[in-house]
Amino acid sequence: MATRDICLWPNPVLTQTCTDAALDDPDLVGLIDDLFDTMYHAKGRGLAAPQIGVTKRVFVVDVTWKEGARDPRAFINPQITETAGDMLIMNEQCLSIPDIPMPVARPERIQLRWTRRDGGLETAVFDGILACCIQHELDHLNGTVIFDHQTPEMRTELEASYAP
């Protein structure tokens, strides 16, 4: 387990579409452990593999640890299979674009299918902040960052205020 450097915007790895993670990859468990270590060290709620320079479809989240007990969750090769509810607009922050919160509209509820760390397949419905965080991290696996959810005018303004 190790803390890794977080790639900052505009690092090109953040715009790449990730490839599926091989479940028999001997480095997969170590990658997940490093993602958790790095996320907690950076005081984040989620972190995707490309944010540490690895273009595999893996991310981790823990939306409760700052206010209470840890609830670490790892997602391998995740896919949203359904969305429901209203579009919620929340101010999101990103460890790869630090200190620039910006509004992002996302479905309030998602159904997700993924492979667990132990290799088992899972499907579950998520809502609220957890759904938002999962969608944010899944965006990273698809080469999308929160700047991409802004109008061209707002993006220009936000990028001008961002200094890595």
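How many nonpolar, polar and charged residues are in the lining of the largest pocket? The lining has nine nonpolar, seven polar and six charged residues. Here Ala, Val, Leu, Ile, Met, Phe, Trp, Tyr, Cys and Pro count as nonpolar, Asp, Glu, Lys and Arg as charged, and the others, Gly among them, as polar.

Before going on, please note that this is a predicted model, in which local features need pLDDT of at least 70, side-chain atom pairs count only at pLDDT 80 or more, and totals for chains, interfaces and linings use all residues. Residues are numbered from 1 along each chain as its sequence is written, and side-chain values use heavy atoms, leaving out hydrogens and water.

**The chain as a whole**

The protein chain has three helices and five strands, in the order α-β-β-β-β-β-α-α along the sequence. Helices (H or I, at least four residues) and strands (E, at least two) are DSSP runs, numbered from the N terminus. The radius of gyration of the chain is 15 Å, which agrees with the value near 15 Å for a compact globule of 164 residues; this radius is taken over C-alpha atoms, and the globule rule is 2.2 Å times the number of residues to the power 0.38. Of the 164 residues, 45% are buried, meaning under 20% relative accessible area with a 1.4 Å probe, protein chains only.

**Pocket and cavity**

Rolling a probe the size of a water molecule over the atoms shows where empty space is left. On a 1 Å grid over the protein atoms alone, a cavity is a set of points where a 1.4 Å probe fits but cannot get out, while a pocket is an open set with protein on both sides within 12 Å along at least five of seven lines; lining residues have an atom within 4 Å of a point. Grid points are joined across faces, edges and corners, and a volume is the space filled by probe spheres set on the points.

| Space | Volume |
|---|---|
| Largest pocket | about 440 Å³ |
| Largest cavity | about 40 Å³ |

The largest pocket is lined by 22 residues, and Gly44, Arg45, Glu92, Gln93 and Cys94 lie nearest its centre. Two or more lining residues come from each of β3 (73–94), β4 (97–115) and α2 (128–141). Helix α2 gives the largest share, six residues.

Among the residues lining the largest cavity are Leu88, Glu92, Arg106 and Cys132. Its lining also draws two or more residues from each of β3, β4 and α2, but here the largest share, four residues, comes from β4.

Key. Buried means under 20% relative accessible area, exposed over 50%, partly exposed in between (1.4 Å probe, protein chains only).
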